[in-house]
Amino acid sequence: MTIFDFVVPQLNYLQLTPFLIVLGVGCLGLLIEAFVPRRGRFPAQLVLAVTGLIAALGTLIWQWGYFDVADPALLDPPALGYEPLVTSTVMIDGPTQGFWALLFAFGLIAIIGFAERKIHAGATAFTPSAAAIPGSRDEVEAGQEGLVHSEVFPLAMFALAGGALLVSANDMLVFFIGLEILSLPLYVMVGLARYRRLVSQEASIKYFLLGAMASAIILFGIAFLFGYAGGFSYSTLAWGVTFVVGGDGLLIAGLGLVTVGLLFKIGAVPFHSWVPDVYQGAPTPVTAFMSIVTKTAAVGGFLRLFYAALGGLRWTWQPMLAVVAIVTIVVGSVVAINQSDIKRVLAYSAISHAGFILIPLVGAFTVATNSDHSAPSSVSSIMFYLVAYGFAAIGAFAIVTLVRSQGREATDLNSWAGLGRRNRLISVILMIFLLSMAGIPLTAGFIGKYVAFVAAWRGGFWWLALAGVLGAVIAVYIYVRVIQVMFLSQPKDSSEVVSPGVGTWIVLIICLLGTLGFGLVPGPLLDALQSVSSFLLPIAH
C-alpha cells in the first residue's frame with residue numbers, strides 16, 4: 001500500500017436513512033427558496049418539513065431496538081444485514097437511535113408551532129424581511145404585502161441534521177462539524193423576530209459571538225486530545241486514555257477545554273450568560289425549538305464523548321461535573337426568582353434543568369460497554385428527563401405566544417396577573433406544564449427527576465442525589481410564583497389571551513398528553529429507552 005492508496009468507505013445507507021431524510025429535506029428547502037414563487041414558499045416548506053420529519057421518525061421506529069445488547073445475537077452483523085459501525089467516524093447504535101428520535105420528534109412539534117398565523121393577526125412570528133433595517137420603509141412594505149420568512153424551515157432542518165450528526169459522532173472532527181451545523185442556523189433564527197427587532201438582532205449577535213468562542217475552545221481542546229492520543233477517533237482516544245503513559249498535561253487540558261465548550265452549549269453555570277438574553281430576544285417558536293433541541297444534541301454528544309472515549313477518566317470528570325450540576329441548579333433556581341419577564345423566567349428554569357440533566361450523567365457508575373448492562377440506566381434516565389422537559393418547555397413557550405398586549409406578546413409578569421380569570425383552560429394547561437418542570441407527582445417531570453436521582457444514587461453519588469432533591473425543592477418556588485400570579489393576582493393591564501390557532505392547539509395537545517401520559521404511565525417509554533441505552537464501542541486498530 002502506498003500513501004496514494006484510497007480505501008472507499010463502506011456505507012450502509014439503511015442505517016443512515018433517518019439522518020439523510022432530514023438533511024435532504026433541508027437541501028430541498030433551499031431549492032424551494034430558489035425556484036418556487038414567494039407566495040407559495042411558506043406552505044411548501046411547511047409540508048416538506050413536516051412530511052420529512054414524519055418519514056424520518058417512521059424509518060427510525062422501524063429500525064428501533066436493533067442494538068439491544070441484552071441479546072448478543074443482535075450484534076451479529078449477518079443477522080441484521082449491516083454493521084453497527086457505519087464508518088470509523090459515525091456510530092449508529094442504541095443511544096444514537098434514542099437521541100435521533102428525541103431530536104426529530106421535538107423538532108416536528110416545534111416546527112408545527114412555526115407555522116402559526118392566527119395569533120399574529122394573519123402573520124407568522126418571523127420578520128417578513130430579515131435583511132431590512134428594523135423600522136425601515138422596506139420592512140414596513142414587506143409586512144404590508146404579507147410576505148413571510150420561509151427560510152426558517154430549512155434552517156431548522158439543518159440544525160436538526162447537525163444535532164443528529166453530533167450525537168452519532170465517533171470522531172472528534174465529526175463531533176465538531178455536527179456541533180457547528182447545529183449552531184450556525186440557530187444564530188440566524190434567533191434574529192428573525194417580527195417584533196422587537198433590535199432586541200432580536202442583539203440576541204443573535206450575542207449568541208454568535210459567545211457561540212463562536214465556545215466552538216474555538218472546543219476545537220482547541222480537540223487539538224490537545226489529538227496531540228495526546230495521536231488520532232481523532234473515539235476508539236483511539238479511549239485506547240490512549242487506557243494505555244498511553246505520559247502526556248497527562250495534554251489530556252487534562254483537552255478534557256477541560258472540551259468540557260467548557262459543551263457546558264456552554266447546554267447552558268450550565270458558569271457558562272450560562274447567553275441563555276436569558278437569547279431566549280428573550282429570539283422569536284418565541286424558535287426559543288421553544290432551541291430549549292429542547294440544543295440540549296438534546298449537546299447532551300447526546302456529551303454522553304458519547306465522555307462515556308465512549310473518556311470513560312477511563314471518569315474519576316476525573318465525575319467530581320467536576322457534580323459540582324457544576326449543583327451550582328447550575330442553585331444559580332438557575334435562585335436567579336429566576338427575581339426575573340420579571342416570563343421568557344427570562346423560563347430561561348433560568350432551563351439553566352436549572354441543565355443541572356438536573358448532569359446528575360444522571362455524573363451518576364454513571366461504570367462505562368457503558370457491549371457486555372455491561374448496569375450503566376445504561378443512566379443513559380435512559382437522561383433521555384427520559386429530556387422527554388419530560390421537552391414536552392413542558394415547548395408547551396409553555398407555545399402559551400407565551402398567546403398572551404398579547406396591543407397586538408404583541410406580553411412577556412412581563414405583570415401582564416400575566418389574573419390570567420386564570422381571562423382564560424381558565426389555557427391557564428390550567430400552563431399550570432400543568434409548570435408543575436411538570438417543578439417535578440410534582442402525576443407529571444412526566446416527577447418521573448424524570450426520580451430516575452435521574454436514582455441513577456446518581458446507584459452510581460455511588462448519593463450526596464449528589466440528595467443535593468438534587470434539595471435543589472428541586474428550591475426550584476419549585478419559580479413555578480409556584482408564576483401560578484400565583486396567574487390565579488391569585490388582580491389584573492393590572494389590558495392584556496388578553498388570544499384564541500390558539502390550529503398549529504398551536506396541535507402543539508398544546510401533544511405536549512399535554514405527553515406530560516400527563518408519561519407521568520401516569522411511564523413504563524413503556526422507560527422500557528423503550530432502556531432498550532437503546534447501551535453504547536457499542538469499537539476496538540481501536
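Two residues are taken to be in contact when heavy atoms lie within 4.5 Å. By this criterion, and not counting residues up to four places away in sequence, L310 touches L237, V241, L251, L255, L305 and W317. The structure is a predicted model, in which local features need pLDDT of at least 70 and side-chain atom pairs count only at pLDDT 80 or more, while totals for chains, interfaces and linings use all residues. Residues are numbered from 1 along each chain as its sequence is written, and side-chain values use heavy atoms, with hydrogens and water left out.

Helices here are DSSP runs of H or I with at least four residues, numbered from the N terminus.

M290 lies in helix α12 (residues 284-309). The residue is buried, with a relative accessible area of 2%; buried means under 20%, exposed over 50% and partly exposed in between, for a 1.4 Å probe and protein chains only. Leaving aside neighbours within four places in sequence, M290 is in contact with L186, V190, Y207, W274, V278, Y279 and K295. M290 and M189 are 101 residues apart in sequence, yet their C-alpha atoms are 9.8 Å apart in space.

Terms used:
Helix = DSSP H or I, 4+ residues; strand = E, 2+ residues; numbered from the N terminus.
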